[in-house]
Amino acid sequence: MRLVIVGGVAGGMSAAARARRLDENAEIIVLDRGNHVSFANCGLPYFVGGEIENQQSLLVQTPASLKAALNLDVRVRHDVTALDTESRTLTVATEHGTEQLHYDALILSPGALAVRPPLPGIDSPRVHTLRTVEDAIALRGLVTEGARRAVVLGGGFIGIEAAEALRLQGLETSVVELSPHVLPPFEPELAHLITEELTGLGIAVHDGVAASAIEPGAAHDVVVLADGTRIDADLIVLSVGVRPDTEVFGAAGIALERGAIVVDDHGRTSAPQVWAAGDAVVSTCAVTGIRRPFALAGPANRAGRLIADDIFTPALARPIPRPLGTAIVRVGELTAASTGVNKATLQAEGIAHHTLHLHPNQHAGYFPGAAQMHLIVHFREGDGALLGAQAVGPEGIDKRIDVLATALRAGMAIDELIDLDLAYSPPYGMAKDPINLAGMEGENVRTGTIKLWYAQDVDEVLEHTLVLDTRSRAEFASGHLPGALNIPHTELRERLDEVRDAAAGRRTSVMCASGMRSYIAYRVLAQHGFDATTLSGGILTLRAALGDRAAALLVSEPLKESV
Ligand SMILES: Cc1cc2nc3c(=O)[nH]c(=O)nc-3n(C[C@H](O)[C@H](O)[C@H](O)COP(=O)(O)OP(=O)(O)OC[C@H]3O[C@@H](n4cnc5c(N)ncnc54)[C@H](O)[C@@H]3O)c2cc1C
C-alpha cells in the first residue's frame, strides 16, 4: 500500500503520523513544494516580533526526524503539478525534473494561498505575505535592516498578530481594515475594545476604509486609502484573507465548491481513493450548516488524523466533526476569543436568538489582580441551545471560551451552564464562575424572570420609554442617557411612585453599569407590576456599542447634592 500525501504541515503531517502508527508496513510519501514540512505556521508572527528568537524553533520536525521516528518518506521542494485520478498518478516537479508518482491512496492537504486583491501597485517588492518560514524570515530581515514604517492590509487574526509583532519591533505600524472594525467576526462592542488596545500599543487603526492603491517609490511606498489618507510604508503585509490552493486538483476533475474541495464526513473527495483535509476543503458549520472553508489549525489536524483512520481502520473511523470555528488571538494585554457563530450570522440565517452581555471578573474580586472580562453568549429562542460566544479581557478568556466550545459541541442549552462544576479557588475563578453566571442569566431570560433591552435599540428606547438609571449619583453624573431618571437601586423600593409618575404609562428601561444592579431593580419593578426591561451588559456594553457616538449622546453634568 502506497499512501501519498500532498502538503506536509497541519492536516497532511497529522495524517502521515497517524497512518504510520496504524500501519507499520505502508509506504508513506509526503510531498511539499516548500523547503520545510511540519513547521509552526501559527508561530510565524511571534518570530517576526522577536518573541520566538530562534528560527529553528519554528521547525517542529524535519524530514530526517520524521524518517527516524515514523519512517516517513518526506520530499520537500516537490511540487504536485497534475493529478490523474484514473491511473492514480501524480505529476511532481522537482529540482531534478518532472516525476510521475503512483498512489494507492492519496490525501490532499494543500492549504490556502493569500488573497491578492487587484490593487494598483500590489506587485511592489515591498508587499509581503506571512504564510511560510521564508516569509517570516524576510519580514524579520527587513526589520533588522532598519524598516521604520509598516502597513498591514487586513485586520483579521493574522493581520493583527503581524501588526503587533511589527510594533513590538519598534516600527510605526498601521492596520487598514475594510470592514467597520478589526477582527470582523467579533461583535462590534467587543471589537471596539481591541481597537482601543491596538491604539494603546501605538498602532494606527484605519477601519471601515479600503486601500485603493499602493504607490511604489524609490525610498518607500505609499498606501493610499479610499478616503484619501496616504501612509508611507517601508514594508506592507498583505493579509486580507486566504483562498484554497486547489487549482491543480480542480483541473484533475475533483469536485470543488467555490474553489474548495468537496468532501464527505470522512474526508473523501469525489475521486476514488482520494481524501482531503484542512484549509482547502469545504466544511459544514456545526451551528448553522453553512458550507465554507474553516482556515484553522485544530480542525485541519483532527481531520488529517481521522482520514488516516478511514484509510487504515475504516470500520473504526469516526466521522470528521463539523467545526465550531473556535479561535483566539492575543492583542497587547488582552485576549479575544470566540466559538460558534456571531450575531450577524444568526441574523443573516434568520435564527431567532437571545444575546447576553456579561462583565464579570475572571476571579474573585477580593483576590489581587481581579480584572473584568467582557463576555457575549448567544442562544436559541425556544430550546435555549447555545449558538456562539465571544470574550475579551486580560485573563481567563481562553478557559471560558474553551468551556463554552465544549458545551456547544455537547449540544448544551444555556441553562445547563449553571450546572457545570468548574474548578474554583480565589486566584482562578469564582464560586459562581462567569460561565455559571451566563447560565443563570440565560435561564432568567428563558423563564421570563428578566426581559432584556439591547444597546442597538437605544434610539427606540429613548423615544418610547422611560430610562431608569440605577447607578450611584456620581456614576450617573459622569455620563447618562438624555432624559434618564436616576434612582440608585438601593433607594428604589421607597421611590416607586416617582418611577410610576415619570413613566406615565410608558415601559421602564432600566440600566446600570454592567447589568447586575439593574437586574435587582428590574425584579423590584416587575414584582410591583411595572412593564420593564433591563439593559443587557449595562452602560459598559452601551458605550462600546455606541463607539464614537457615545460622546455625543451621553450627557455629563456636575454632581448634584443629594435630595
Ligand atoms: C501566520 C499564520 C498564523 C496562523 N495562526 C493560527 C492560529 O493561531 N490558530 C489556528 O487555528 N490557525 C492558525 N493559522 C492557520 C493554520 O495554520 C492553518 O489553518 C493550517 O495550517 C491549515 O492546514 P493545512 O494542512 O490545510 O495547510 P498548511 O498547513 O498550510 O499546509 C499546506 C502545505 O501544502 C503545500 N502544498 C500546497 N500545494 C502543494 C502542491 N501542489 N504540491 C506540493 N505541496 C503543496 C504547501 O507548501 C504547504 O506547506 C495560521 C496561519 C498562518 C499563515
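Colleague: By class, how many nonpolar, polar and charged residues does the lining of the second largest pocket have?

Modeller: The lining has ten nonpolar, eleven polar and two charged residues. Here Ala, Val, Leu, Ile, Met, Phe, Trp, Tyr, Cys and Pro count as nonpolar, Asp, Glu, Lys and Arg as charged, and the others, Gly among them, as polar. The model is predicted, so local features need pLDDT of at least 70 and side-chain atom pairs count only at pLDDT 80 or more, while totals for chains, interfaces and linings use all residues. Residues are numbered from 1 along each chain as its sequence is written, and side-chain values use heavy atoms, with hydrogens and water left out.

Colleague: How much space lies in the second largest pocket?

Modeller: The second largest pocket holds about 550 Å³ of space. Among the 23 residues that line this pocket, Leu358, Leu437, Glu441, Gly515 and Met516 are the closest to its centre. On a 1 Å grid over the protein atoms alone, a pocket is an open set of points with protein on both sides within 12 Å along at least five of seven lines, whereas a cavity is a set where a 1.4 Å probe fits but cannot get out; lining residues have an atom within 4 Å of a point. A volume is the space filled by probe spheres set on the points, which are joined across faces, edges and corners.

Colleague: Which element gives the most to the lining of the second largest pocket?

Modeller: That element is α11, with four residues. Helices (H or I, at least four residues) and strands (E, at least two) are DSSP runs, numbered from the N terminus.

Colleague: How many cavities of 30 Å³ or more does a search of the whole structure find?

Modeller: The search finds two.

Colleague: What makes up the lining of the largest cavity?

Modeller: The lining consists of Pro45, Tyr46, Gly49, Glu51, Glu161, Glu164, Ala165, Leu168 and Arg330. Two or more of these residues come from each of α2 (44–48) and α5 (157–168), and α5 gives the most, with four. By class, four are nonpolar, one is polar and four are charged.

Colleague: How many charged residues stand in the lining of the second largest cavity?

Modeller: That lining has no charged residues, but five nonpolar and two polar ones. Its members are Thr339, Val377, Leu386, Gly388, Ala389, Leu404 and Leu408. β27 gives the most, with three residues.

Colleague: What makes the contact of Asp123 with Arg116 a salt bridge?

Modeller: A salt bridge is a side-chain nitrogen of Lys or Arg within 4 Å of a carboxyl oxygen of Asp or Glu. The closest N and O atoms of Asp123 and Arg116 are 3.7 Å apart, so the pair qualifies. The structure holds 29 salt bridges.

Colleague: Why is Asp123 called exposed?

Modeller: Buried means under 20% relative accessible area, exposed over 50%, and partly exposed in between (1.4 Å probe, protein chains only). Asp123 has 65% relative accessibility and therefore counts as exposed.

Colleague: Is Arg149 buried or exposed?

Modeller: Arg149 has a relative accessible area of 12% and is therefore buried. This residue forms a salt bridge with Asp232, the closest N and O atoms being 3.6 Å apart. The pair links distant parts of the chain, with Asp232 in strand β15 (residues 230–233) and Arg149 in strand β10 (residues 149–153), 83 residues apart. Asp232, at 34%, counts as partly exposed.

Colleague: How do you know that the side chains of Arg268 and Asp310 meet in a salt bridge?

Modeller: Their N to O distance is 3.0 Å, which falls within the limit already given. Arg268 lies in the loop between β19 (260–261) and β20 (274–276), and Asp310 in helix α8 (residues 297–312), 42 residues apart. Arg268 is partly exposed at 36%, whereas Asp310 is buried at 5%.

Colleague: In which order do the three strands form an open sheet?

Modeller: The order is β4-β5-β6, with antiparallel pairing. β4 (79–84) and β6 (97–102) stand at the edges because each has a single partner strand, so one side of each is left without a neighbour in the sheet.

Colleague: How do you know that β4 and β5 pair?

Modeller: Two strands pair if DSSP finds at least two bridges between them. β4 and β5 (residues 89–94) share five bridges, and therefore they count as paired. In one of the two strands, β5, Val92 is the bridge partner of Val80.
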